[in-house]
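Subject: Structure handover

Hello,

Here is the structure I said I would pass on. My notes on it follow below.

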Amino acid sequence: MPSTPPKSIIFFHPDLGIGGAERLILDAALALQSKGHKITIFTSHRDPSHCFDEARDGTLDVRVRGNTIFPATLFGRFKILFSILRQLHLLIAITFFGELARLKPDAFFIDQLAAGIPFLRWRWPDTRILFYCHFPDLLLVQNRTRWWKRIWRLPFDWLEGWGMKGADKIVVNSGFTKGVVEEIWPALADEKNRVHDIGVVYPCVDTKASNTEKANGRIDAGAKPEELWKGKKITLSINRFERKKNIGLALQAFHGMNPQDRQHVRLVLAGGYDPRVEENVQYHNELSKLAEKLGLRAATTKNMVTALSIPDDIEVLFLLSVPAQLKTMLLSSARLLVYTPTNEHFGIVPLEAMLAGVSVLAADSGGPLETVLDGKTGWLRSAEDISQWTEIMQRVLHQLSDNELHQMGKEGKRWVESEFSETKMADRLDDEITTMVSSPRQIVLELADLLLGLGVAVPLLIALYAVMRRITG
């Protein structure tokens with residue numbers, strides 16, 4: 001039975017692909033649906049062949065709208081502009097054709113794009129709006145070195161903050177992200193101007209699958225991990241091949257161990273890799289050259305079949321494909337997970353590792369400060385001091401007993417199941433939405449804001465019209 005009266009909650013997400021934001025949105029929708037609420041998700045794009053199962057198999061009510069007028073990009077450019085236009089097209093279409101009214105919404109749940117919030121406030125003055133901020137978009141956008149790119153982004157950066165200002169509740173994925181949001185937009189956290197301050201709702205991991213495996217006998221709490229490479233102790237890194245992930249730190253720390261201590265040890269660098277993404281290709285090449293420079297014997301494979309057949313003397317394995325089943329196999333065999341990004345917004349991989357009973361070594365910044373318990377479920381160390389990372393690797397691989405690691409693994413699993421489960425996420429979201437719906441709405445969009453918004457939008461639309469006329473004319 002739901003703990004609060006069932007509500008009709010409408011989600012808006014621009015593109016239901018297979019990224020971390022999409023996983024969180026689906027988990028949030030499933031969590032609220034488990035509380036008895038009626039959930040509907042609107043999106044401008046969903047490719048059934050490139051999305052999570054819940055977005056296509058009927059588990060959730062997913063509706064694709066607002067994708068018939070504006071393309072996703074124009075020759076691969078202007079993505080942010082067209083994303084906003086597609087969101088507005090979606091909102092206008094489902095409003096004026098009556099589809100949204102028929103759903104009788106009690107609350108809106110929006111993420112990534114805040115541009116549509118003013119429209120929803122105007123058209124649905126009695127329906128509260130929650131905005132989930134994964135991380136400020138203005139800090140995620142790269143390549144602003146040229147002056148015209150900085151000028152181009154100014155109105156969108158302003159629009160992001162202005163739109164968020166209209167939300168009745170802002171929720172973020174970590175205390176770290178909350179601090180960043182409050183620093184960039186101090187007015188959003190001003191208690192005099194907001195009903196509530198910014199809330200934190202952590203992403204969740206699938207603890208039910210872990211418990212099912214244990215019940216079926218596939219996880220023996222006292223058993224040694226299954227060995228993928230017989231006789232090898234595995235240190236594992238799972239990250240996308242992007243420079244901001246700082247994977248080179250794992251290589252340098254591993255190299256810091258004595259050559260004799262690296263015998264019968266393998267560093268596996270696994271993660272998301274798309275040959276169409278230039279940075280993925282370049283960064284993998286850079287890491288391969290770094291391994292060669294450090295004198296580490298390395299190999300690259302793209303699937304588990306070839307990975308299992310690599311020579312025994314390979315010290316570093318680059319594994320460029322990590323589907324869910326393979327990730328489970330790697331975690332079941334690892335003795336230590338190293339998580340190298342600094343100032344990560346949240347970081348789901350450490351949770352997956354701890355849930356699998358694997359200790360975690362992570363940078364002492366960002367999300368891991370809230371997910372890894374130093375000395376209990378893993379270790380937090382400065383990414384600037386490579387020797388500290390080497391020391392932990394040495395300790396885990398050669399000094400700590402299997403029983404000591406097992407006890408730390410049990411503590412990590414208990415910690416994740418108690419604080420980052422689907423149930424915990426459902427409770428936190430339900431509390432946030434219940435409080436929001438029962439609270440009065442403040443007037444935050446003033447005439448000056450509206451005039452400024454029109455002053456930004458009109459020139460952009462004129463410029464877009466001129467560009468399209470020039471291309472088609």
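Gly 248, Leu 251 and Gln 252 of α9 are in contact with Tyr 283, Leu 287, Leu 290 and Ala 291 of α10, where contact means heavy atoms within 4.5 Å. Among the residues of this contact, five are nonpolar, two are polar and none is charged. The axes of α9 and helix α10 (residues 278-293) come within 10 Å and cross at roughly 10°. That makes the two helices, α9 and α10, roughly parallel, a label for angles under 35 degrees, with over 145 counting as roughly antiparallel, 65 to 115 as roughly perpendicular and the rest as oblique. Axes are lines fitted to C-alpha atoms, for helices over the stretch in contact, and angles run from 0 to 180 degrees between N-to-C directions.

This is a predicted model, in which local features need pLDDT of at least 70 and side-chain atom pairs count only at pLDDT 80 or more, while totals for chains, interfaces and linings use all residues. Residues are numbered from 1 along each chain as its sequence is written, and side-chain values use heavy atoms, with hydrogens and water left out.

The chain as a whole

The protein chain has 18 helices and 14 strands; these are DSSP runs numbered from the N terminus, with helices being H or I of at least four residues and strands E of at least two. Of its 473 residues, 50% count as buried. Buried means under 20% relative accessible area, exposed over 50%, and partly exposed in between, with a 1.4 Å probe and protein chains only. Among contacts with a separation of 6 or more, 69% are between residues 24 or more positions apart.

The sheet

Seven strands form an open sheet with parallel pairing, in the order β10-β11-β9-β8-β12-β13-β14. Its edge strands are β10 and β14 (378-381), each of which pairs on one side only. Two strands pair if DSSP finds at least two bridges between them. On average, neighbouring strands of the sheet are turned by 20° against each other, direction ignored.

Thr 301 belongs to strand β10 (residues 298-301) and stands opposite Leu 319 in β11. With a relative accessible area of 7%, Thr 301 is buried. Its contacts, leaving out residues up to four places away in sequence, include Thr 306, Ala 307, Ile 310 and Phe 318.

Further along, strand β12 (residues 334-339) and β13 run parallel and are joined by four bridges. Five of the five residues of strand β13 (residues 359-363) are buried, so β13 is largely enclosed by the rest of the structure. Helix α12 (residues 324-333) lies across β8, β9, β11 and β12, and runs at about 110° to β12.

The cores

A nonpolar core is a set of buried Ala, Val, Leu, Ile, Met, Phe, Trp, Tyr and Cys residues joined through side-chain atoms within 4.5 Å. The largest has 36 residues, of which Trp 229, Leu 236, Val 268, Leu 330, Leu 337 and Val 416 touch the most other members. Helix α13 (residues 349-355) gives the most to this core, with five residues. Val 416 touches Val 205, Leu 351, Met 354, Leu 355 and Ser 421, not counting residues up to four places away in sequence. A second, separate core of 33 residues includes Phe 241, Leu 296, Leu 320 and Met 393.

Single residues

Thr 390 sits in helix α15 (residues 386-399) and is buried at 12% relative accessible area. Leaving out residues up to four places away in sequence, Thr 390 touches Gln 252, Ala 253, Gly 256 and Met 257. Its C-alpha atom is 8.1 Å from that of His 255, 135 residues away along the chain.

Most residues other than glycine have a negative phi. Asn 246 has a positive phi of about 55° although it is not a glycine. Asn 246 is in the loop between β8 (233-238) and α9 (248-255) and is partly exposed, at 26% relative accessible area. His 264 also has a positive phi, near 65°. The loop between α9 and β9 (265-270) holds His 264, which is exposed at 52% relative accessibility.

Regards

Notes: Nonpolar A, V, L, I, M, F, W, Y, C, P; charged D, E, K, R; others polar.
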